[in-house]
Amino acid sequence: MAQALSIRRVTKEFPLANGRVTALEDISLTLAAGEFGAIIGPSGCGKSTLLRLIADILPPTAGQILLGGAPPAEARRRHQIGFVFQQATLLPWRTIRENIALPVQVAGRRSDRSLPSAEALIALVGLEGFAEAMPAQLSGGMQQRAAIARALILRPDMLLLDEPFGALDEITRQRMNLELLRIWAEAGTTALLVTHSIGEAAFMADRVFVMSPRPGRLVAEIIIDLPRPRRIEMMKSPEFFAVVNQLRDALFGQDAAA
Amino acid sequence: MKRISAIALPLLLAGGITLLLEAAQRAGLMPVTIPAPSEVWSRFAAAPEVVWYHLVPTLASASAGYGAALVVSLGFAAVATIVRRSAGTITNAAIILHAIPLIALTPLLVIWLGAGFETRAIIAAIACFFPILIGSIQGFRAIDAGAQELMHLLGANPWQRFRLLALPSALPYLFASMKIAAPAAVLGTIIAEWAGADRGLGILMLHALFAYQPPQVWIGIIACCVVAILAYFTVAALERLVVRGHAGDAAE
């Protein structure tokens with residue numbers, strides 16, 4: 001399969017008042033087109049920073065990142081990256097429809113018939129009837145649905161998700177994860193999810209990258225061979241437990257060593 | 001209920017003070033410089049068209065000055081936001097201009113530009129540009145960091161960032177400063193009129209002062225108050241029309 005994402009020997013340092021701090025050290029990974037990847041690690045392991053490097057929000061200090069063969073800046077300019085933040089980051093003065101259509105407006109492609117309509121995405125994320133609502137009128141989960149719709153409207157090849165459901169309660173979160181898998185399958189993009197939940201990574205991903213903090217390093221890459229579509233009942237299966245245990249070992253093995 | 005008391009209580013207070021002044025003046029407790037409210041009223045009722053005659057030019061130059069200040073301040077605030085390095089220079093220049101007492105600057109401007117309508121509008125503009133400039137720069141700075149990352153991701157150009165993000169998120173700050181600036185424009189106009197004009201609330205007061213007619217001075221003061229309050233509420237009403245979706249907006 002074609003490589004959707006290739007990261008080669010990437011390091012990221014931030015300047016401090018006295019010296020520098022290494023946020024990411026020598027990260028290398030690849031993700032095939034259409035795959036669902038997850039990055040898991042404790043707070044401060046640089047997983048959100050890595051996502052920002054991929055999205056060309058931050059530049060790497062060293063190393064190379066390629067999205068479908070192109071550097072992040074180019075992929076971003078071509079609108080090949082969809083990004084979902086921890087917070088929904090909807091503009092409070094625009095309706096849900098206007099928020100979802102924002103990327104189309106900025107890209108100057110309002111008359112482009114090849115793009116899905118805001119209505120189609122509203123339906124895809126299950127927000128029918130809320131098109132004219134203001135963000136403040138929606139619950140956190142519904143706001144995040146709108147943010148996902150906004151990230152998908154320009155048909156990106158790569159969907160980056162930075163702990164998108166971290167602020168939601170466990171029940172809503174599980175439901176949103178199922179929804180996200182359905183949306184991902186329908187949209188047919190490559191996805192990379194940052195999370196600090198072992199269960200979430202195991203449930204969602206084809207491939208999990210385990211990171212350790214200070215400095216942020218990749219300590220393991222685990223392939224999850226569970227059948228799709230994934231269902232809640234699957235979480236009770238011994239195969240799922242085996243994956244969770246494998247992830248836990250990878251995460252806590254480093255703690256025992258440290 | 002809340003709304004009624006918000007209007008009724010200040011009215012009640014003003015009414016109480018009026019009655020108290022009236023009683024004190026009749027009992028001979030007040031100096032002649034504070035006339036009885038009834039005396040001010042009968043003076044006004046005898047020739048209300050006089051107030052109107054002076055009110056119109058004051059309103060005209062205050063509005064013109066306010067509009068000009070708004071355009072210029074927003075322009076400078078936009079430059080300070082887009083070209084980050086210019087922000088310090090713009091703010092400092094504004095502080096210096098604002099630090100010059102208006103009453104000292106006015107005669108100079110009248111000498112340079114003559115005692116015309118434009119001069120009064122310019123002085124009104126100087127009186128009210130500062131809060132608008134500071135408020136809008138502050139507003140443009142208060143943009144959500146996540147929303148800025150979003151705009152970067154979407155590849156928005158500086159103009160799109162300004163129009164789609166900076167301006168709408170600055171509007172609540174902008175309106176707060178515009179509400180402060182509205183009465184200041186009236187104040188600036190009156191100071192300008194004192195330095196030379198043939199019509200205007202400032203002139204009405206000045207003539208009454210030299211003719212030693214305290215009731216007439218009071219008519220001028222009350223007219224200025226009413227204009228300043230109306231200016232404030234006009235901006236507040238405009239805010240309700242323009243600003244939508246912000247947290248505080250739906251409260252009422």
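## A guided tour of the two chains

Before selecting anything, note that this is a predicted model, in which chain B has a mean pLDDT of 87, with 95% of its residues reaching 70 or more. Colour chain B by pLDDT and go to residues 247-252, where the value is below 50 and where the stretch has 3 contacts in the model beyond near neighbours in sequence. For the model as a whole, the scores are ipTM 0.85 and pTM 0.76.

**Chain B**

Show chain B as a cartoon, and its secondary structure comes to 10 helices and 0 strands. Turned along its principal axes, the C-alpha trace of chain B spans about 75 × 55 × 30 Å.

Where along α8(B) does the kink lie? Centre the view on L171(B), where α8(B) has a kink of about 50°, shortly before the proline P172(B). Then follow the chain past the helix to G196(B), which comes after α8(B) and has a positive phi, near 135°.

**The sheets of chain A**

Move to chain A and pick out the open sheet of 6 strands, whose order is β5-β6-β7-β3-β8-β9 and whose pairing is mixed. Which strands stand at the edges of this sheet? Select β5 (81-84) and β9 (217-223) of chain A: each has a single partner strand, so one side of each is left without a neighbour in the sheet. Looking across the sheet from one strand to the next, the twist averages 15°.

Inside this sheet, highlight β6 (residues 158-162) and β7 (residues 190-195) of chain A, two strands that run parallel and are joined by 5 bridges. To see one residue pair, show L161(A) together with its bridge partner in β7(A), L193(A).

A further open sheet in chain A has 3 strands in the order β2-β1-β4, and here the pairing is antiparallel. Its edge strands are β2 (19-32) and β4 (62-67) of chain A, each of which pairs on one side only, and the twist from one strand to the next averages 20°. Strand β1 (residues 3-16) of chain A runs antiparallel to β4(A) and is joined to it by 5 bridges; for an example, select T11(A) and its bridge partner in β4(A), A62(A).

**Loops of chain A**

Continue to the loop between β8 (207-212) and β9 of chain A, which holds P215(A); the peptide bond that joins R214(A) and P215(A) is cis, with omega about -10°. Another cis peptide bond joins R228(A) and P229(A), with omega about 0°, and P229(A) lies in the loop between β9 and α9 (238-257) of chain A.

**Where the chains meet**

Finally, show both chains and select their contact, which takes 18 residues from chain A and 17 residues from chain B. On the chain A side, α2 (72-77), β5 and α4 (102-106) each supply at least two of the residues that touch chain B. Coloured by residue class, this side of chain A divides into 13 nonpolar, 3 polar and 2 charged residues.

Technical notes. Residues are numbered from 1 along each chain as its sequence is written. Chains are lettered from A and ligands numbered from 1 in the order in which they are written. This is a predicted model: local features need pLDDT of at least 70, side-chain atom pairs count only at pLDDT 80 or more; totals for chains, interfaces and linings use all residues. pLDDT is the predictor's confidence in each residue, from 0 to 100. Two residues are in contact if their C-beta atoms, placed from the backbone, lie within 7 Å. The bend at a residue is the angle between axes fitted to the seven residues ending there and the seven starting there. Helices (H or I, at least four residues) and strands (E, at least two) are DSSP runs, numbered from the N terminus. Two strands pair if DSSP finds at least two bridges between them. Axes are lines fitted to C-alpha atoms, for helices over the stretch in contact, and angles run from 0 to 180 degrees between N-to-C directions. Ala, Val, Leu, Ile, Met, Phe, Trp, Tyr, Cys and Pro count as nonpolar, Asp, Glu, Lys and Arg as charged, and the others, Gly among them, as polar.
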